[in-house]
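Please look over the sequence and the three-dimensional model below before reading on. The paragraphs that follow go through surface patches, charge pairs, aromatic rings and backbone angles in turn.

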Amino acid sequence: MQTVESDVGYIRRALQLAAEAEANGDVPIGAVLVSNDVVIETKNEKELRGDATAHAEMLALQRAASELQMWRLPGATMYVTKEPCVMCAGAMVAARIKRLVYGCKDPKGGAAGSVVDIVHNPELNHRIDVTAGVLEEETAAQLQAFFRKRRKTGAP
């Protein structure tokens, strides 16, 4: 069972990974997937890979499937700095992860309750326990600073 302290610790690590993503020119989003004693750390790599699906969460699920030799992750917890998008939330439901813990909400594309709620949809075969708002101010500030900088430079 995860504790509030471990939730905060994993989100802090995800913030560090998000900073690494930003250094590579990507939107600063980091993810840590924990399944039993296995810890997988990833970050956004869309720009780095030139791949629209290279979100931190997707990369974590792919690595977990490879390292654990199973695509079903029923005991796993995904820690991510920002509320997942539709693609990532759908992949988490498909992987049957147990728990999602995230920092800030995404009012423009969040799929864990902000815009849509894929992770709790009763029509789907699986639902995910969600803890939202862990280090919300820090995770939001990191993203806001990134996009403020981008607007100043006129970057896409």
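Val86 is partly exposed because its relative accessible area is 46%, where buried means under 20% relative accessible area, exposed over 50%, and partly exposed in between, with a 1.4 Å probe and protein chains only. This is a predicted model, in which local features need pLDDT of at least 70 and side-chain atom pairs count only at pLDDT 80 or more, while totals for chains, interfaces and linings use all residues. Residues are numbered from 1 along each chain as its sequence is written, and side-chain values use heavy atoms, with hydrogens and water left out.

Val86 belongs to helix H4, residues 86-95; helices (H or I, at least four residues) and strands (E, at least two) are DSSP runs, numbered from the N terminus. Together with Val115 and Val116, Val86 makes a nonpolar surface patch of about 220 Å². Patches are made of residues with over 30% relative accessible area and no salt bridge, nonpolar side chains (Val, Leu, Ile, Met, Phe, Trp, Tyr) being joined within 5 Å and like charges within 9 Å; the accessible areas come from the Shrake-Rupley method with a 1.4 Å probe, and for residues only the protein chains shown count as cover. Val116, which is found in the loop between E4 and E5, counts as partly exposed because its relative accessibility is 36%.

Which residues form the positive surface patch? Lys108, Arg148, Arg151 and Lys152 form it, with Lys and Arg counted as positive, Asp and Glu as negative, and His and the chain ends not counted. The place of a charge is taken as NZ of Lys, CZ of Arg, CG of Asp or CD of Glu. Within this group, Arg151 is located in helix H5, residues 136-153, and counts as exposed because its relative accessibility is 60%.

Side chains of opposite charge can pair when their charged atoms come close. The structure holds seven salt bridges, a salt bridge being a side-chain nitrogen of Lys or Arg within 4 Å of a carboxyl oxygen of Asp or Glu. One of them joins Asp7 to Arg99, with the closest N and O atoms 2.7 Å apart. Asp7 lies in helix H1 (residues 4-23) and Arg99 in strand E4 (residues 99-104), so this pair ties together parts that are 92 residues apart in sequence. Both Asp7 and Arg99 are buried.

Another salt bridge is formed by Lys43 and Glu20, whose closest N and O atoms are 3.6 Å apart. This pair links distant parts of the chain, with Lys43 in strand E2 (residues 38-43) and Glu20 in helix H1, 23 residues apart. Lys43 counts as buried because its relative accessibility is 15%, whereas Glu20, with a relative accessible area of 33%, is partly exposed. In a further salt bridge the side chains of Arg49 and Glu45 meet at 2.6 Å, N to O, and Glu45 counts as buried because its relative accessibility is 14%.

The aromatic rings come next. A pair of aromatic rings is described by the distance of the centres and the angle of the planes. Rings of Phe, Tyr and Trp (its six-membered ring) pair if their centres lie within 6.5 Å, and planes under 30 degrees apart count as stacked, over 60 as edge-to-face and the rest as tilted. By this rule there are two aromatic pairs. One of them is the edge-to-face pair of Phe146 and Phe147, at 5.0 Å centre to centre and 80 degrees between the planes. Phe146 is buried because its relative accessible area is 7%, while Phe147 is partly exposed at 32%.

The backbone also deserves a look. Most residues other than glycine have a negative phi, and most peptide bonds are trans. Gln69, although not a glycine, has a positive phi of about 60 degrees and lies in the loop between helix H3 (56-68) and strand E3 (77-82), where Gln69 is exposed because its relative accessible area is 68%.
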